[in-house]
Amino acid sequence: MTIVVTGAAGFIGSNLVKALNARGRTDVLAVDNLEKGEKFLNLVDCEIEDYLDKRDFISLIGDGAFDGEIDAVLHQGACSDTMNHDGKYMMENNYHYTQELFEFCQSEEIPFLYASSAATYGKGTVFREERACEGPLNVYGYSKFLFDQVLRQRMAEGLTAQVAGFRYFNVYGPREQHKGRMASVAFHNFNQYRETGKVKLFGGYDGWENGMQSRDFVSVDDVVAVNLHFLDNPDKSGIFNLGSGRAQPFNDVAVATVNACRRHEGKDALSLAELVGQGILEYIDFPDALKGKYQSFTQADITRLREAGYTAPMSTVEEGVSRYVDWLMSR
């Protein structure tokens, strides 16, 4: 039997493949779209059974080639560019693709774990997996929201096998270098500091002081651990927030990133005030293009995740970013 990871050459997908390998599983069918060829680097140190282009994979599923051959699908493949406004592409790539895999897994009675997104909440201030809290601001968020709605309907009718959707908050960590401008704040802070000796953050906006807009930043290590927890507990279905459960300001990410770099340089850690005072941390005007479309605050309510039996502590920004910088420095 084979375990399928879609988006396998991407950020979260490749981390899942690596974690499955650590469990001794190399029977992994990696599915992705490598038109962005540099993503292959994420799989170089992974062991897989085979690779398929996503279009070939869908075609083969339709032909029945995988009937009885797969024991779980971890579906991470999607267009995650929140600034891509091509609705037709987004719905085909995120919504319809997910629907097809869902129907296949239900017909085969195999677990289906998929990536949803905190973008489903839009500018909401309560981040709980309930319809009243949801209101996506862009077509990316809508494509994720719409399939979550399908799952809710199907759960009410009765599922034939596990389906779990994870609303990822701001994920950061190894193997995201191919994402360009959509990579995490920690990744951009690291590269800015290494290239220029300073980090730039957005200044005040929407009632928030400089660098104090706050997000739920979650380490990809924790994201992987949660996915594997559900893989190990196929009786758990539903839609679950996957964040740290805490909101931390962008300032915290910058401070953690710079101080982790300084540790590698043999230098002492500095406080936020010292970083600003020494010109290492600068603030720039908030971009007009993001006004009215920006989540200034997110914080996952992880009550349902805890109720599903996931009890491990979630990394703080300080812990997770420090590990991440160590990984980046080792490249």
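Biologist: Which residues is Phe 202 in contact with, leaving aside its neighbours within four places in sequence?

Modeller: In this predicted model, the contacts of Phe 202 beyond those neighbours are Asn 210, Gly 211, Gln 213, Tyr 283, Ile 284, Phe 286, Pro 287, Leu 290 and Tyr 294. Phe 202 itself belongs to strand S8, residues 199–202.

Biologist: Why is Phe 202 called partly exposed?

Modeller: Its relative accessibility is 24%. Buried requires a value under 20% and exposed a value over 50%, so Phe 202, at 24%, counts as partly exposed.

Biologist: What makes Gly 203 buried?

Modeller: Gly 203 has a relative accessible area of 5%. Because the cut-off for buried is under 20%, Gly 203 is classed as buried. The residue lies in the loop between S8 and strand S9 (214–215). Not counting residues up to four places away in sequence, Gly 203 touches Asn 210, Gln 213, Tyr 283, Ile 284 and Phe 286.

Biologist: Which residues does UniProt list under "binding site"?

Modeller: The unreviewed UniProt entry gives Asn 170, Arg 181, His 188, Phe 202, Gly 203, Gly 204, Tyr 205, Arg 215 and Tyr 294.

Biologist: How do you know that Cys 105 and Cys 133 are buried?

Modeller: Cys 105 has a relative accessible area of 0%, and Cys 133 has one of 12%. Both values are under 20%, so both residues are buried.

Biologist: How many disulfides does a search of the whole structure find?

Modeller: The search finds zero disulfides. A disulfide would require a pair of cysteine sulfur atoms within 2.5 Å.

Methods: Residues are numbered from 1 along each chain as its sequence is written. This is a predicted model: local features need pLDDT of at least 70, side-chain atom pairs count only at pLDDT 80 or more; totals for chains, interfaces and linings use all residues. Side-chain values use heavy atoms; hydrogens and water are left out. Buried means under 20% relative accessible area, exposed over 50%, partly exposed in between (1.4 Å probe, protein chains only). UniProt positions are given in the numbering used here, feature names are shortened, and annotations may be inferred rather than shown by experiment. Helices (H or I, at least four residues) and strands (E, at least two) are DSSP runs, numbered from the N terminus. Contact means heavy atoms within 4.5 Å.
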